[in-house]
Amino acid sequence: MRRWFVILVPYLWLLVFFLIPFFIVFKISLSDIATAIPPYTPTFSITDIGGFFSQLDFENYTFIFQDSLYIGAYFSALKIAFFSTILTLLIAYPIAYGMARAPREWQPTLVMLVILPFWTSFLIRVYAWIGILKKEGLLNLFLMNLGLISEPLTIMNTNTAVYIGIVYSYLPFMILPLYASLEKINPALLEAAADLGSPPWKSFWQVTFPLSIPGVLAGCFLVFIPATGEFVIPDLLGGSETLMIGKTLWNEFFNNRDWPVSSAVAVVLLLVLVVPIVLFQRNQEKQREAGR
Amino acid sequence: MTYSGNKRGTLAGSLTLATMLACGVAMADQKEVRVYNWSDYIDEEILTEFTKETGIKVVYDVFDSNEILETKLLAGGSGYDVVVPTGQFLARQIQAGVFQKLDKSKLPNISNMWPEVSNRVAVYDPGNEYAVDYMWGTTGLGYNEAKIKERLPDVPTDSFDLLFKPENAAKLKDCGIMVLDSATDVLPVILQYLGLDPNSKAQADLEKAAAVLEAIRPNIQKFHSSEYINALANGDICIAFGWSGDILQAASRAEEAKNGHTIHYSLPKEGTQMWFDMLAVPKDAPHVEEAHAFINFLMKPEVIAKASNYISYANGNLASQKFIDESILKDGAIYPDEATLKKLFVLLPYDAKTQRSVTRLWTKIVTGQ
Amino acid sequence: MSGATVQSATPAQPKSPLRTAAPQSGFAPWKDPSKAPIVRFENVVKRFGDFVAVKDCTLDIYEREFFALLGPSGCGKTTLLRMLAGFEKPTSGRILVAGQDITELAPYERPVNMMFQSYALFPHMTVEQNIGFGLRQDGMPKDQIATRVDEVMALLELGRFGKRKPHQLSGGQQQRVALARAIAKKPRIVLLDEPLGALDKRLRQTAQFELMGIQERTGTTFIIVTHDQEEAMTVSSRIAVMDHGEFVQIATPGDIYEAPNSRYVANFIGDVNLFEGKVVSISGGFAEIDWGPGLARFKSVAPEGCTGDQQVWLALRPEKIHIDLDKPTDTSNTIPGKVVDVGYLGSISHYHVELANGQRVKALRTNSSRTVDRPISWEDKVWLQWPAETGIVLTR
């Protein structure tokens, strides 16, 4: 009994909080816009199930694939997410490496420091970046006082600011899995590599990095997936030309009040992300097997 | 970006998505009224006075975008008794069957309303059956006095030429230009500026308006519907096309901060949009009786004057004007004179199809795609 | 090596053919002043903060030796080994390999390879890749690497496992891969840090003989760190017994067993009975030891430099004591007692005998004939006796 319960709980969770909502969204994506409550038609009715299903169609999907706007937004979102992920990885790796190498007794404190920003609202932290990056912001003041630049740099409201914002916000999600995988590496492995004639930098590429790949993958997925749908950071830090799918979704839902089309956009976004999610899942499984 | 309708000087982007659970389950025996209004949009003493006078408890929640309000209303079962949508939104929501007709017999104070305003809002709510006006305002230019004078000493600030002429915009690029990220708030104003019908749905007209914006697009730092408040106040930008309330708020923030920036609101002579925030009662409101009592209370001249005095907005209540502070009543940016008032136009809501093509056009302007 | 292993307290182990081949009999380079050591620790000290892990150690190890560093955990044996591998730097002193000072060399520049206690196999590499790792670092051509890897895998009977990952192997197989990796580069010295600690007892005994076989066949110098005295006795040509960062005794297993230089060593290696007493007289190389009022004095070979009236301990291995129901005719070193415990282990039996003063003595008897007149049993009054040559008088 108890075993069944343990198995059932996660599936029940997925069913209630993922699968059912997804099917509701999917159903709406097959509907038509209407001036009513709710603003689409048909609505589900138990008395006329046949009539309900006969009114559903894939019109909204054909629509979003006909307008280059949506495909462009998907690609631009994927591009920004991809490069932010790479950047985050490049910055997070040395930090995680340093943490894993730090004396044991410091490590809990270092992990705390990485998590610490979460104590402050995400929005406030993104706003703080406005204060840093804007024309008369801290960064420009600092660089000008140092005499490194004579004219303030325009970073705010550009894609550069979006990258900074995403990298900053998602850094902990990259550092923590990296740290977890680096910290697990038996230090004796590096001694063994050195003992067999490998200098430290070669040992890094031959031993440390390959063994941290599960962490690299986990971190990359944890950054890439939410960054693709990111809305707040490009809105606050980006320029108007930063078109991401999150913004397009927002426009569809709030400006056009077109719940069916915005649902279709969301469903397609999910499908776009399902590929990396499945890859991630398979990687996790392989890990679990290898760990046995 | 469309936190559009963020006219009420909210803390920029505070994204108060909170108070989702204004539960629909109301206790019948307890007299209360659930109000959902814009943030920073009332003198809270008014709520206390209402409760003192009627014994009805006020549950007061705030939002900062019409879209958020609309989403809740369209999803149904919001649990609110009194909500405050802006005109075009109200019109569409009436069509969708969101609201119930007001029972005028329970609103004796309706006689205090200002016909000038009531007649205009009738385009959204024919016969004023569903809503009464709470506050109204305009859309115009907010600018930094010193920075504009320095760059464009000879250009008058009472015309949209200041922003819409590419040669002027080019000179302001370095000090920063922001424009509302809202097609429905910007394109009609440009149509009016071009001498066309601001409510035109003709694609050709809309493209002409778009062309004006595209010409100055390279000089615009960002399209955003709330960031310009802080940006103006801090001197990060020198001109913004925005809502009167937001710009006045930026002006007072700059004044309080004593940071050397003087911000003004200009209501350009070409005429501009006049918007209205309307009090309405959802069809599924749990406390209809109390909702009417609350709206009636707000239509008392001294009560609504108190609100206007507190938030510096014009209201739609004629009788209240003798209670309004001289400084507000005489401020042409808040209460425009007769001549200016004539040039203000009222926006009609777009149908779904026009809305989509306008949004698409706007995306093209904003992102260059 | 004088059969030291079979004399320890546990039952005798089956002799391996490798063991009897004993090519090291007569092998004693440490006695040959013309031989230069391959490894030399010279006044090596290692401190970790306030803690002194290794105190002024000087040690020579010779080519083809199987040298054991033996001691309890924390005695400094692992630190010594890690200094040789280069993972720790001596606080002072020098380490020389084949006459060359390697104290300052990085681990990857040293001509030694180590087999780690945890094996430290690279989990992301196959067995072949693990074994070939060191060869790849030297830039050996691929085909030569393959040949050498095959050779080593054949030597350790790993042929079938080349393509497997370490986690797909059993503990014993992993241990062999670790050893294979350590010898693949044909280093002059192989270091083994508790190499068999993770194996169960049966497997460990087989593995010990395997280790010796490999060492003999490759002709390499092996230095092993272990806390297991039996293991040290079995595999090594010499043992350094360590305690608190110092060498207590460095000698062959036989000498360590038969002639421990201290109670510490006597206790650490095998079972021992200790009698505390005083030397009262010395004559003809024999000391007379008084170990209590009213007790018959013991006679034993006097240690060098022993003077009268000195506190000493007589160390007596259980198998050196004859136990009998009848009083022996030779009355020297003869004491009566009562059997309080008997352990029958098949080939041998051991007895706990309580003496008149309450001290307990352990004695062993081989069950050589099937039917002894009468087996010694609980509560029996017995006589213990040993020749004067078998006891060791310890002064510390």
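Start with chain C: among its contacts (heavy atoms within 4.5 Å) between residues at least 6 apart in sequence, 68% join residues at least 24 apart. Before going on, know that this is a predicted model, where local features need pLDDT of at least 70, side-chain atom pairs count only at pLDDT 80 or more, and totals for chains, interfaces and linings use all residues. Residues are numbered from 1 along each chain as its sequence is written, chains are lettered from A and ligands numbered from 1 in the order in which they are written, and side-chain values use heavy atoms, with hydrogens and water left out.

**Stop 1: chain C as a whole**

Keep chain C selected and switch to a cartoon. The C-alpha trace spans about 75 × 50 × 40 Å along its principal axes.

Now put a surface on chain C. Its accessible area is about 18100 Å², with 49% of that belonging to carbon and sulfur atoms; areas come from the Shrake-Rupley method with a 1.4 Å probe, and for residues only the protein chains shown count as cover. Of its 396 residues, 51% are buried. Buried means under 20% relative accessible area, exposed means over 50%, and partly exposed is in between (1.4 Å probe, protein chains only).

Colour by charge next: chain C carries 46 positive and 45 negative side chains, and the centres of the two sets lie 5 Å apart. Lys and Arg count as positive, Asp and Glu as negative, while His and the chain ends are not counted. Each charge is placed at NZ of Lys, CZ of Arg, CG of Asp or CD of Glu.

**Stop 2: details in chain C**

Select R263(C) and W313(C). The arginine sits over the face of the W313(C) ring, 3.7 Å from its centre. Such a charge needs NZ of Lys or CZ of Arg within 6 Å of the ring centre and within 35 degrees of the ring normal. Then try R317(C), which lies over the face of Y257(C) at 4.0 Å from the ring centre.

Next, pick H244(C), in the loop between β9 (238-243) and β10 (246-251) of chain C. What is its phi? H244(C) has a positive value of about 50°, although it is not a glycine. Most residues other than glycine have a negative phi, and most peptide bonds are trans. H244(C) is exposed, with a relative accessible area of 55%.

For a distance label, take R202(C) and L295(C): they are 93 residues apart in sequence and 44 Å apart in space, C-alpha to C-alpha. R202(C) belongs to helix α6 (residues 201-218) of chain C and is exposed at 65% relative accessibility.

**Stop 3: over to chain B**

Show all chains. Two pairs of chains are in contact, and chains A and B share the most contacts. No contact joins chain B and chain C, whose closest C-alpha atoms lie 47 Å apart.

Select helix α12 (residues 288-298) of chain B. Eight of its 11 residues are buried, so the helix is largely enclosed by the rest of the structure. Among the buried ones are H292(B), F294(B) and F297(B).

**Stop 4: aromatic pairs**

Rings of Phe, Tyr and Trp (its six-membered ring) pair if their centres lie within 6.5 Å; planes under 30 degrees apart count as stacked, over 60 as edge-to-face and the rest as tilted. By this rule there are 45 aromatic pairs over all chains. One of them is F22(A) with F23(A), edge-to-face at 5.7 Å centre to centre and 70° between the planes. Another edge-to-face pair joins Y41(B) and Y313(B), at 5.4 Å and 90°. Y41(B) is in the loop between β1 (32-38) and α1 (45-54) of chain B and Y313(B) in the loop between α13 (301-311) and β10 (314-315), so this pair ties together parts 272 residues apart in sequence. Y41(B) is buried at 1% relative accessible area, and Y313(B) is buried at 5%.

Back in chain A, F23(A) is partly exposed at 48%. Select F18(A), F22(A), F23(A), F26(A), F58(A) and Y61(A) together: they form one aromatic cluster.

**Stop 5: backbone in chain A**

Which peptide bonds here are cis? The one from I37(A) to P38(A) is, with omega near -15°, and so is the one from T41(A) to P42(A), with omega near 0°. P38(A) lies in the loop between β1 (32-33) and β2 (40-41) of chain A; P42(A) is in the loop between β2 and α2 (49-54).

Finish at R257(A), where phi is near 50°, a positive value in a residue other than glycine. R257(A) is in the loop between α12 (245-255) and α13 (259-291) of chain A and is buried, with a relative accessible area of 10%.

Conventions. Helices (H or I, at least four residues) and strands (E, at least two) are DSSP runs, numbered from the N terminus.
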